Amino acid sequence: MLRLHDPFPSLATILFLLAFLSSSRGFSHALTPSSGEVKKNEGKYHGVSHSQSHTLPALPPSGNEGKYVVGFSRGTQGSVVEGPSVDFEPVENPEVALAAQRTNRKDPLNGFKRYTGGWNLNDRHYWASVGYTAVPFFAIALIWFTGFGLVLFLICLCSLCRKRKPYGYSRTAYALSLIFLVLFTIAAILGCVVLYIGQGRFHLSTTETLDYVVNQADGTVDKLRNVSDNLATARQTGVDQVFLPASVQTDIDQIEAKLNSSASNVAEKTAKNSDDIQDLLDSVRMALIIIAAIMLVLTFLGLLFSIFGMQLLVYILVILGWFLVTGTFILCGTFLLLHNVAGDTCVAMNEWVQNPTAHTALDQILPCVDKATAQETLLKSKEVTSQLVEVINQVITNVSNLNFSPNFKPMYFNQSGPLVPVLCNPFFSDLTDRTCTPGEVNLNNATQVWSNYVCQVSPSNICTTTGRLTPTFYNQMSAVVSVSLALDNYAPFLVQLQDCTFVRETFAEIYVGHCPGILRYSRWIYIGLVMVSTAVMLSLIFWVIYGRERRHRLYTKQFTDQRPEGNKENLRETS
């Protein structure tokens, strides 16, 4: 388990992922069949054909799970499919607090008792507890602003009220003030360097994370559109004008519209959010660069003006640095707050990956449906695939493999030769997985096998060579196989989309592959900010001390030059 305790604004990147994933509500609504649709799909589907009717024997039902009857129509009658009725019982899962151990902090809104609600961005007590971790920096900023301001006020007041110029100085204080001033100046410069390097690598790391999230979103959108295109193709695909039942085509139209709407919605949100987050990351980078540059220039000029005794300019820089140091400490506290939230988010994602079925605060952002709904989606995909296979087998069994009289048109096209093997239906009547039997061809090699049964045809579409499939039939059957294979391949993706498997994989990759780098370089930013703010704060103090000692030393030197030799010796002895 990673321990994330350093401030950084990577919450922006993590929240972008959550914002993108919040659009997965569209997935749930698009891919989850309503109760009416489920009932309708459990009923009868009708297909339309031309010519006379040929009905296949009903496939035997399996257990009490329902019946699945396929009828073939060559006239005004339609094929009938009755799908299984499946009942799913909801599973009650207890609510789990994510990152409970990490978020166990004092809650100022609850009498400073320990917060036990876990990671929850919608809970004000969570924000209060995580904000309490930044109180030390805010307190330092307040104490510095008021305390140093009071000191400056007293110095100005004493300078105005004091009539006699001071004389005498301490060589030790003068030397130590100069040494500490140089040391703190070097520390400030090092802090600026650390801050600058850290922000560059942090920006690169967060940008890579953002690109990964965008690629995941784009990949999901592409797959959704591919599923939609395959469903649209399945709706229009047929063999010898034998198509899917009309009710199934209506269902496909509705699902296709929802899928296209969800894909467009996700694509738009992804593009907008990625642009907004990239702008935010660029702004953070520019702000940190400006802070590092200003602090570097301020420190260098302060040292330079102090050494050369430009007191007016030193005082101006002291007042400017007074405000800048206050703002830098506030920035440290803000980074700490955001970093703790982002760290909590990383841990929460990891714990959710370990237990994705539990009810958590992430459910409000990632509305993953339960296994029953995911299974219903897979069931619908299986139904379409199974019916497409039956469309092909109806044509093979009732047209291609029968020897019709030349007078029985349009069924006759001079079929001859070995019988065409039927296509293996990958599902039983209850839509459970089925193993192919000898003599059947599967979806992967069907077109290759069937190519051996294609005949050459005359202009009137009559076979002139041995064969039982005309080129037209073969092309139509190949198109149906291609659509069926595509739907069968995308069925696991639909389930992963529904049960948030893809979200779990994305979270795991971010936690393992991206969080460590972001945290490492954000730590550099935090260290740099602390070094800069502390070093500049102490430099301001020693600017004033060194300026005073230098002024006293100069006055003492001038005063002793104007005194007799004896008084000079006495003055040197007292000093």
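Reader: How many disulfides does a search of the whole structure find?
Author: A disulfide is a covalent bond between the sulfur atoms of two cysteines. The model considered here is predicted, and the whole structure was searched for such pairs. The number of disulfides found is three.

Reader: Which parts of the chain does the pair C346 and C515 link?
Author: The sulfur atoms of C346 and C515 are 2.3 Å apart, and the two residues form a disulfide. Both C346 and C515 are buried. The two cysteines are 169 residues apart, and the distant parts they link are helix 8 (residues 311-354), which holds C346, and helix 12 (residues 501-561), which holds C515.

Reader: What is the handedness of the link of C346 and C515?
Author: The handedness is given here with the angle about the S-S bond. For C346 and C515 this angle is -75 degrees, and the link is left-handed.

Reader: Where do C424 and C436 lie?
Author: A disulfide joins C424 to C436, with a distance of 2.0 Å from S to S. The pair ties together parts that are twelve residues apart in sequence, because C424 and C436 each lie in the loop between helix 9 (371-400) and helix 10 (446-450).

Reader: Why is the disulfide of C424 and C436 described as left-handed?
Author: The description rests on the torsion about the S-S bond of C424 and C436. The disulfide is left-handed because this torsion is about -100 degrees.

Reader: Is C436 buried or exposed, or does it fall in between?
Author: A residue counts as buried under 20% relative accessible area and as exposed over 50%. C436 has a relative accessible area of 36%, so C436 is partly exposed.

Reader: How are helix 5 and helix 8 oriented towards each other?
Author: Two packed helices are described by the angle between their axes and the distance between the axes. The axes of helix 5 (residues 135-161) and helix 8 come within 8 Å and cross at roughly 170 degrees. Because angles over 145 degrees count as roughly antiparallel, helix 5 is roughly antiparallel to helix 8.

Reader: How many charged residues does the contact of helix 5 with helix 8 have?
Author: Among the residues of helix 5 in this contact are F137, W144 and L152, while those of helix 8 include W322, F329 and L336. By class, the contact has 16 nonpolar and four polar residues. The number of charged residues is given as no charged residues.

Reader: How do the residues of the contact of helix 6 with helix 7 divide?
Author: Helix 6 (residues 171-236) and helix 7 (residues 246-307) pack at an angle of about 170 degrees, with their axes 9 Å apart. That angle makes helix 6 roughly antiparallel to helix 7. The residues of their contact divide into 30 nonpolar, 14 polar and seven charged.

Reader: What percentage of the residues in the protein is buried?
Author: The protein has 13 helices and six strands. It exposes about 27400 Å², of which carbon and sulfur atoms supply 59%. Of the 575 residues in the protein, the buried ones make up 47%.

Terms used. Residues numbered from 1 in each chain as written. Predicted model: local features only at pLDDT ≥ 70, side-chain atom pairs only at ≥ 80, totals over all residues. Heavy atoms only, no water. Axes fitted to C-alpha atoms, helices over the stretch in contact; angles between N-to-C directions. Helix = DSSP H or I, 4+ residues; strand = E, 2+ residues; numbered from the N terminus. Parallel < 35°, antiparallel > 145°, perpendicular 65-115°, else oblique. Nonpolar A, V, L, I, M, F, W, Y, C, P; charged D, E, K, R; others polar. Buried < 20%, exposed > 50% of the residue type's maximum accessible area, 1.4 Å probe, protein only. Areas by Shrake-Rupley, 256 points an atom, 1.4 Å probe, with all protein chains shown as cover. Disulfide = S-S within 2.5 Å. Contact = heavy atoms within 4.5 Å.
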